[in-house]
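Please look through the sequence and the model shown here before reading on.

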Amino acid sequence: MGVVQGDQMVLNIGPQHPSTHGVLRLQVRTDGEIVSEIKPYIGYLHRCFEKHSENVTYEQVIPFTDRCDYVASMNNNFGYVVTMEELMEIKVPDRVEYIRVIMAELNRIASHLLALGTYGLDVGAFTPFLYMFRDRERILDIFELTCGARLLYNYMWVGGVSHDLPKDFERICIGFLDYFEPKIKEYNDLLTHNKIFLERTADVGVLPPDVAINFGVSGPNLRGSGVNWDVRKDEPYSIYDRFEFEIPLGEGEFGTVGDSFDRYWVRVCEMKESIKIIRQAIKDLPDGDVFQTIPKKIRPPKGSIYRRTESPRGDLGYYIISDGSPIPYRVKMRSPAFTALSSLGEIAQGWMLSDVIAILGSLDIVLGEIDR
Amino acid sequence: MTVDTLMNWFAKLGDFPELAFILAVLICAVPVFLFIAVYALVAIYGELKISSFMQDKVGPMGQGVGLHAGKWGLLQPVADALKLILKEDIIPTSADKKLFILAPFIVFIGAFIAFAALPFNQNIIIADMNIGIFYILAVSSLGVIGLIMAGWSSNNKWSLYGAMRSAAQIVSYEIPAALSIIVVIMLTGTLSMQGIIQHQSGFVWGILPNWIIFQNPFTFLAFFIFFISGVAECNRTPFDIPEAESELVAGAFTEYSGMRYAFFFLSEYANMFIVSGIAVTAFLGGWQSPIPGILNSPAWGLWWFMSKAMFLIFVMIWFRWTFPRLRVDQLMNVCWKGFTPIAMVNIFGVGIWHLMLG
Amino acid sequence: MKKYFANIWGTITTLKTGMGITWRHMMNIKKDNVTLQYPEERWPRPERDIGFEHEKYNVIRSRLHVDIDDCIGCLKCERACPVDCIKIDTIKAPTRGEDIPDIRHTGVTENGTNKALVVSRFTIDMSECCYCNLCVYPCPEECIYMVGGPNSPKHPIDYEFSEFNRKDLIYEFSKPLTSEQKSELMNPKPDAKA
Amino acid sequence: MTSTEIKETLDRQFPGSVIENIDLAENQLELKPDQWLEIATFLKNEPGLSFDQLECVTGIDTGEDGPLQSRYNFHSMEHRHKIEVVISLDRNNPKVASIEQVWRVGDWFERETYDMFGIIYEGHRDLRRILCPEDWEGWPLRKDYEAQETYHGIVVPKIKEEEWE
């Protein structure tokens, strides 16, 4: 008499699946509903960003960075131009810095709205998703007003920005913030504090802090595990050291520190902090010419640089090597979602199939950035 | 319009009982089928509109027939139905063909024959059996077999997952539902649907209609347990794990398309109506008017029954567009650790209440 | 036991709050509705008071437009394009800054530059364009720019420029030249030179 | 700790492992590939260094006949200092020890570098291509890379054709 043994089944989630957030394939070994092993397969959206960059000039790389993390294009542009300016030792005017911070933080809100909305969708709540998209549209309207594009902006340039702010930008932006701030409470009532949602997320997919650091997880995912690390605070770039804001950390309010709920909750709190930053930035917005420091020809000196910035998904690093020509020798993008996804196999092991979807959603991956 | 009346009428014409029976059943079946079809269109339209309103949009709209979906999008469900009928019917090569074809019909039959015992008003009930409510509970779980057949025969892992989940779910949630119905049977002392409704005439507590839900606090609880278990039996959010689209693509229906999928769709809505129908009959006074004594003619009875049922269907739709989905084990927890013990205690509670105060 | 009932109570209250929110939204749909019936109603484009004259400069990026009369064929936009969707061919004009009425070529741009080249081909493949706006800035004559939105006199409904055929998305901006005209330009007759 | 101090610590612990290279910036140090795994473990576990986060692994092709480089960016959450390690490898036989088991994030980073540059990380438990298909030929980010003609019968486009038609 042997022990009754269940057969294990190999299940392919994706590449076409409603909740893989793009084209991702998860090879899942399941025992009934329990998942015993997960192997992510990526590369379905590989567009050779790094190879492309070696064949175009420095300013032409910016439209390609847009398309890496298409949900937070402004932050991608920001990271690239900050790195380039450090390499070329350009000091941009204050107005440009303020505009960039406002745009980056607006885009952080937009990106988090998408992340939270799709997370609600992953656990089955449809309506919050549409509410959040409704508000995200308003942010995209602001971007359209500013630079004419809604999704892929190519707004920040090395040494400046492509368009100055429209005349009544401040009024519109403050109007949006006043509209948006109470909405966060509505989302919380509708989704966050919903008992079913708490049951689905609290204590699910716990990512302990040391594992998170070891896996290079960054951004809200890392802070959800309770590690106080935010590039904006700890390695301030641009003018983030001028603003007062807090770094929300996961506290394990309803379960263990580092569970899916904490990662979700950190994002909700970060939206509030972003609102704070935008309000301060709009208050201090100086006058000035935004085009004056844009170099005629971008020809950085020979050398290499690695710089990371805080994108909505985490530490977005650019490794740029210049050989003195107008074409980059090598551009490497260290994408935060890439490392976050690599940890999925570790944290989602032993959970149920439904939890795997919930954990994947809580990591907030964007496949465009993972595959580049 | 009961089968019995028809058979008696046929008996007057001549002595052919078997043929009379078949004819009577057929004559009853056609209107029921038409009713389900029309009701499904209305329910789909309602679902589209209600969900849209809840999500800050207006749903299907149009500026008149021929443009888009007609006035207020009224033609949208018709277009949906047409699309489903005209779509190519795909049977996967590796599917078990016979079971694959059979499954949607079994699911539909399970929902369809349950309509036989639903009392739409004082007269319209196809068969007023003396075990009516028991019959409905029995046949409405027939659909599980069809779902498992669908999941198994599709030869698709997602379908299998969905089928297994839905089987476990439906079988489990039968228990609290049945336990809550026992409360009703205890109070009314009959299994006949019309008998249960007739028991609920008059007043209770002075002002409230004598519906079972208002008779004592335990029956009030029993109604909610029954209704939520019913929602679970219909596989609707927050209990829609069998077809959880973000996890299992479409569960047991993944491989179905066209007409066969339409049958699953139809039976889902039919099931919703049955659950609402039982809840209305057993707890909300069926075709009784909310103000006892007035507006109690058969025509008003139909109106009351339908409006009560439609309200419960609206609540189901409301649930669906508000809540996230439960996980499989949590679903079972809710059933076995939440509903079943409470429903058990409920039976005692109702019994004691009835003895002490009734 | 207490926890058990607290759990049930928490479930009921939080679910009730959620249902209240959807109910409120359903009831206030007239006020809250954010969608428009697309072909009948159009989304009002954001007001873009950016300090320029709207007719001349429009920030919205919907489609590229070239004022071919102003183009001097300097190829700067072609070089700036990261996806190589602009293709320009030029032929040396017989005389710098002189009109050639046969092919409707104007010799002087709006800015007063004398054109040395005839642009025989100026093609933009909008299906490849990535709307990055990089070609707009290097142009010395400001003749290539993005248009769109209701302010645009050139393409009033620009966000709807869908086509049935992919080839229709290849825009040709240069004045059409027959092959004879082309060869005539390339091999100018002696008397034209004089 | 400043990068010079880190350099000195490493030189003390592993004599002769640090290569002087004037081309590199201040926070970069070049190491010999021989003892890399030991050095990496030391970098992580030494309390004074405690580089617990591997930020980035990238490969660089230094040109025609130059070596391939594998570069690592480390960061310490505890001390908030960072260092970049450069390891030059022979172009024809690029092999270096894998640090995948020291920093788990190295798993995918090394796979990516392998995918793009063909640097073989010895000791990596699952060294496969990650972004390109598994049967893709060549190492795309090397400077002498030429794309294959066809892939499963699909023509790999190289230079865009002049005419669209």
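## A sheet in chain D

In chain D, five strands form an open sheet with mixed pairing, in the order β1-β2-β5-β4-β3; strands here are DSSP runs of E with at least two residues, helices are runs of H or I with at least four residues, and both are numbered from the N terminus. Two strands pair if DSSP finds at least two bridges between them. The edge strands of this sheet, each pairing on one side only, are β1 (18-19) and β3 (53-61) of chain D.

Strand β1(D) runs antiparallel to strand β2 (residues 28-31) of chain D, and two bridges join them; D:I19, for example, has D:E30 in β2(D) as its bridge partner.

## How the model is described

This is a predicted model, in which local features need pLDDT of at least 70 and side-chain atom pairs count only at pLDDT 80 or more, while totals for chains, interfaces and linings use all residues. Residues are numbered from 1 along each chain as its sequence is written, and chains are lettered from A and ligands numbered from 1 in the order in which they are written.

## A covered strand in chain A

Strand β8 (residues 330-334) of chain A is mostly covered, with five of its five residues buried; a residue is buried if 20 or more other C-beta atoms, placed from the backbone, lie within 10 Å of its own, exposed if 12 or fewer, and partly exposed in between. Both faces of β8(A) are covered, with A:R330, A:K332 and A:R334 on one side and A:V331 and A:M333 on the other.

Five bridges pair β8(A) with strand β7 (residues 314-322) of chain A in the antiparallel sense, and A:M333 is the bridge partner of A:Y318.

Leaving aside neighbours within four places in sequence, A:L341 is in contact (C-beta atoms, placed from the backbone, within 7 Å) with A:P40, A:I42, A:L363, A:I365 and A:I370.

## Chain C

Chain C has five helices and five strands, which follow one another from the N terminus as α-α-β-α-β-β-β-β-α-α. Of the 194 residues in chain C, 25% are buried.

Key. Two residues are in contact if their C-beta atoms, placed from the backbone, lie within 7 Å.
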